[in-house]
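Hello,

Here is the structure for you to look at. My notes on what was found come after it.

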Amino acid sequence: SPDCNLVITNDEYVSRRHARIFETDGMVFLEDLNSSNGTFLRPKSPIVLEAGDEILVGTTVFRLEEAGS
């Protein structure tokens, strides 16, 4: 979707607005946006992310790193 900050191409399992990652009070959260195929890390949403967490969106894996890593 044009309003997304990160676009994943060539992954047929990713929705136009699949998930969002946001920061509040120094904590980073992951929230699935009712995507067709889900976003997988832990069973509830939104959740607090920790450095080293890997997020599966479609068939694409993201790893959260601390700034400067």
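Helices (H or I, at least four residues) and strands (E, at least two) are DSSP runs, numbered from the N terminus. The model is a predicted one: local features need pLDDT of at least 70, side-chain atom pairs count only at pLDDT 80 or more, and totals for chains, interfaces and linings use all residues. Residues are numbered from 1 along each chain as its sequence is written, and side-chain values use heavy atoms, with hydrogens and water left out.

Overall

The protein has six strands and zero helices, giving the pattern β-β-β-β-β-β along the sequence. Of its 69 residues, 22% are buried (under 20% relative accessible area; exposed is over 50%, partly exposed is in between; 1.4 Å probe, protein chains only). The accessible surface is about 5200 Å², with 47% of that belonging to carbon and sulfur atoms; these areas come from the Shrake-Rupley method with a 1.4 Å probe, and for residues only the protein chains shown count as cover. Taking contacts (heavy atoms within 4.5 Å) with a separation of 6 or more, 21% are between residues 24 or more positions apart.

Core

A nonpolar core is a set of buried Ala, Val, Leu, Ile, Met, Phe, Trp, Tyr and Cys residues joined through side-chain atoms within 4.5 Å. The largest one here has six residues, namely Val14, Leu30, Ile47, Leu49, Ile55 and Val57. Two elements, β4 (47–49) and β5 (54–57), each give two or more residues to this core. Leaving out residues up to four places away in sequence, Val14 touches Ile8, Val57 and Gly58.

Aromatic rings

Rings of Phe, Tyr and Trp (its six-membered ring) pair if their centres lie within 6.5 Å; planes under 30 degrees apart count as stacked, over 60 as edge-to-face and the rest as tilted. The whole structure holds one aromatic pair. Phe22 and Phe29 form it, stacked at 5.3 Å centre to centre with 15° between the planes. Phe29 is buried, at a relative accessible area of 16%. The charged end of Arg20 sits over the ring of Phe22, 3.8 Å from its centre (NZ of Lys or CZ of Arg within 6 Å of the ring centre and within 35 degrees of the ring normal).

Positive phi

Most residues other than glycine have a negative phi. Asn10, in the segment before β1, has a positive phi of about 60° and is exposed, with a relative accessible area of 80%. Asp25 has a positive phi of about 50°; this residue is in the loop between β1 and β2 (27–32) and is exposed at 74%.

Arg63

Arg63 lies in strand β6 (residues 60–63) and is partly exposed, at 48% relative accessible area. Its side chain makes polar contacts with the side chains of Glu54 (3.5 Å) and Glu65 (2.6 Å). Not counting residues up to four places away in sequence, Arg63 touches Gly52, Asp53 and Glu54.

Regards

Methods: Polar contact = N/O pair within 3.5 Å; in protein donor to acceptor, adjacent residues only side chain to side chain.
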